[in-house]
Amino acid sequence: MRIVRPKKALGQHFLKDLQIAERIANMLSDYKQFPVLEIGPGTGVLTSFLLDKGYDLSVVELDMESVAYLEKHFSVLHGRIIAEDFLKLDLNTLFSGEFCVIGNYPYNISSQIFFKVLDYRNRIPCCSGMLQKEVAERLAAGPGSKTYGILSVLLQAWYDVEYLFTVSKKVFDPPPKVKSGVIRVVRNKRTELGCDESLFKTVVKTSFNQRRKTLRNSMKPVLGKDCPDYALPIFDKRPEQLSVEQFVELTLLTERYLRVQKTGS
């Protein structure tokens with residue numbers, strides 16, 4: 001009899017393969033000096049390996065059935081099972097310094113999880129785990145790839161992203177309709193973008209809103225129709241062709257043009 005029922009509304013697919021769980025746990029082997037937060041532990045398959053390897057572990061789980069199971073079977077986690085929504089959690093209340101994030105992430109919020117990781121990028125040196133293969137490939141995709149997009153650029157501005165391996169549908173209960181992919185993201189050495197970060201996000205999101213068009217067309221919502229910089233070669237490109245550094249360059253051009261429009265100089 002199943003003790004914890006996987007819930008479709010929470011994107012739950014419980015991993016059954018212990019070898020894969022251990023491989024995921026091993027991804028943090030270079031970061032044992034940091035506490036670890038596991039997202040969506042479910043019935044604790046990954047949790048067991050993290051504890052066995054001696055990590056200073058806390059877990060966050062929204063499903064109360066899973067919380068009850070964890071409290072019963074993982075007494076060592078007493079006081080470290082956070083029964084809340086990770087996306088609404090103030091991580092500053094959990095950790096005073098740096099920490100790592102890991103998990104078999106719920107498919108329905110995996111992209112949002114990584115957007116939140118970005119909010120804490122100076123506190124999270126490494127984030128790894130499993131998510132829908134399509135999303136994992138998107139996060140790791142480079143310029144020129146059809147899957148390269150908004151989150152690819154924003155994440156790779158601050159992290160080195162590595163797609164590690166693909167996981168079959170058969171090792172889950174219940175089996176998902178899609179394959180899964182395991183990735184690891186490691187904080188790079190960048191301390192600042194060299195441009196306005198808020199505008200950088202706007203430029204990236206605006207350009208990919210019409211990804212099939214050249215930047216000369218897709219950037220019109222920000223730059224208008226008559227920007228003289230449209231004559232520059234960068235505006236001949238489509239957003240998927242630009243590296244992080246080129247998006248910084250585009251942001252600086254945008255910043256300069258908007259300043260001239262505002263001040264006249």
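This is a predicted model: local features need pLDDT of at least 70, side-chain atom pairs count only at pLDDT 80 or more; totals for chains, interfaces and linings use all residues.
Local features were taken only at pLDDT of at least 70 and side-chain atom pairs only at pLDDT 80 or more, while totals for chains, interfaces and linings use all residues. Residues are numbered from 1 along each chain as its sequence is written, and side-chain values use heavy atoms, with hydrogens and water left out.

The protein has 10 helices and nine strands. Helices (H or I, at least four residues) and strands (E, at least two) are DSSP runs, numbered from the N terminus. Along the principal axes, the C-alpha atoms fill a box of roughly 70 × 40 × 30 Å. Of the 265 residues, 50% are buried. Buried means under 20% relative accessible area, exposed means over 50%, and partly exposed lies in between (1.4 Å probe, protein chains only). A contact is defined by heavy atoms within 4.5 Å. Among contacts with a separation of 6 or more, 68% join residues 24 or more positions apart.

Seven strands form an open sheet with mixed pairing. Their order is β4-β3-β2-β5-β6-β9-β7. Two strands pair if DSSP finds at least two bridges between them. The edges are β4 (81–82) and β7 (159–167), each of which pairs on one side only. Helix α4 (residues 110–119) packs on the sheet. This helix touches β2 (36–39), β6 (126–132), β7 and β9 (180–187). The direction of α4 makes about 165 degrees with that of β6. Axes here are lines fitted to C-alpha atoms, for helices over the stretch in contact, and angles run from 0 to 180 degrees between N-to-C directions.

Val 60 has Ile 82 in β4 as its bridge partner. Ser 58 also lies in β3. This serine counts as buried, at 14% relative accessibility. Beyond residues up to four places away in sequence, Ser 58 touches Val 36, Leu 37, Glu 38, Arg 80 and Ile 82.

Strand β9 is mostly covered, with six of its eight residues buried. Antiparallel pairing joins β9 to β6 through seven bridges. Antiparallel pairing also joins β9 to β7, here through eight bridges. Val 185 of β9 is the bridge partner of Cys 127. Val 161 also stands opposite Val 185.

In α2 (residues 45–52), Val 45, Leu 46, Thr 47, Phe 49 and Leu 50 are buried. Their cover includes β1 (14–15), α1 (18–25), β2, β3 and β5 (100–104). Just after α2, Gly 54 takes a positive phi of about 85 degrees. Helix α7 (residues 197–208) contains Thr 206. This threonine is buried, with a relative accessible area of 12%. Leaving aside neighbours within four places in sequence, Thr 206 contacts Ser 218, Met 219, Pro 221 and Val 222.

Six aromatic pairs were counted. Rings of Phe, Tyr and Trp (its six-membered ring) pair if their centres lie within 6.5 Å; planes under 30 degrees apart count as stacked, over 60 as edge-to-face and the rest as tilted. The ring centres of Tyr 230 and Phe 235 are 5.2 Å apart and their planes are at 80 degrees, so this pair is edge-to-face. Both Tyr 230 and Phe 235 are buried. Ring pairs also link Tyr 148, Phe 208 and Phe 247 into a cluster.

Arginines sit over two further rings. A charge sits over a ring if NZ of Lys or CZ of Arg is within 6 Å of the ring centre and within 35 degrees of the ring normal. Arg 23 lies over the face of Phe 165, at 3.7 Å from the ring centre. The charged end of Arg 121 is 3.8 Å from the centre of the Trp 158 ring.

The structure holds zero disulfides (pairs of cysteine sulfur atoms within 2.5 Å). For Cys 126, the nearest cysteine sulfur belongs to Cys 100 and is 5.2 Å away. Cys 126 is buried, with a relative accessible area of 0%. The sulfur of Cys 195 is too far from its closest cysteine sulfur for a bond, because Cys 227 holds that sulfur 16 Å away. Cys 195 is buried too, with a relative accessible area of 15%.
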